[in-house]
Amino acid sequence: FGGLGCTNAVESVNRSMWCYAAHTPDGLAAIFGLAPLPDTSVLDSRGVPWLLGTDLILKHRRALVRLAPGYIRRMLGTHPHLVNLVHARNTVAVRWLQSAGFKLGPAQPISLTGEPFRYFEMHAHV
């Protein structure tokens, strides 16, 4: 979560061009959105998709799989190159990103903690 330039949910929401909350009958499953890549020009085509899920996202994962392509298309419509980082040990997120069509790089230690993250990206089909 957060990945490129954001360190928490509040910062991600504040930086986002748009964000949504995914509610289920059981409660809040996730918040997600799209932020511009920090410290780039307005002509930069890269956007940063992000998602913060609760335990309910696993219970309702089929809905995520069904609804995600429309939101990804919307993201690609405004930013034709989506990029971010995912914690390499978050196997659920890594598998979902791969199934959604994102390309993932190898695990690399990031920041002072040395925690392993994987860069992921998707390009709009031209």
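**View 1. Arg-89 and Glu-115 form a salt bridge in this predicted model.** Their side chains meet at 3.0 Å, N to O. The pair links distant parts of the chain, 26 residues apart. Arg-89 sits in the loop between β4 and α4 (91-99). Glu-115 belongs to strand β7. Arg-89 is exposed, with a relative accessible area of 58%. Glu-115, at 30% relative accessibility, is partly exposed.

**View 2. Strands β4 and β7 run side by side in the antiparallel sense.** Strand β4 spans residues 81-87, and β7 spans residues 115-123. Seven bridges hold the pairing. Strand β4 is mostly covered. Six of its seven residues are buried.

**View 3. Strand β4 also pairs with β3, here in the parallel sense.** Two bridges make up this pairing. Gly-47 has Leu-82 in β4 as its bridge partner.

**View 4. Strands β2 and β3 pair antiparallel.** Seven bridges join them. Strand β3 covers residues 46-53. Ala-35 stands opposite Val-48 in β3.

**View 5. Asp-44 and Arg-46 meet through their side chains in a salt bridge.** The N to O distance is 2.7 Å. Arg-46 is partly exposed, with a relative accessible area of 28%.

**View 6. A hairpin connects β1 to β2.** Strand β1 holds residues 18-24, and β2 holds residues 27-36. The two strands run antiparallel and are joined by seven bridges. His-23 stands opposite Leu-28 in β2.

**View 7. Lys-59 and Asp-26 form a salt bridge.** The closest N and O atoms are 2.8 Å apart. Lys-59 lies in helix α2 (residues 56-59) and Asp-26 in the loop between β1 and β2, so the contact ties together parts that are 33 residues apart in sequence. Asp-26 is partly exposed, at 42%.

**View 8. The salt bridges together: the count comes to three.** Side chains of opposite charge can pair when their charged atoms come close. The N to O distances are 3.0 Å for Arg-89 with Glu-115, 2.7 Å for Asp-44 with Arg-46 and 2.8 Å for Lys-59 with Asp-26. Each falls within the 4 Å cut-off.

Conventions:
Residues are numbered from 1 along each chain as its sequence is written. This is a predicted model: local features need pLDDT of at least 70, side-chain atom pairs count only at pLDDT 80 or more; totals for chains, interfaces and linings use all residues. Side-chain values use heavy atoms; hydrogens and water are left out. Two strands pair if DSSP finds at least two bridges between them. Helices (H or I, at least four residues) and strands (E, at least two) are DSSP runs, numbered from the N terminus. Buried means under 20% relative accessible area, exposed over 50%, partly exposed in between (1.4 Å probe, protein chains only).
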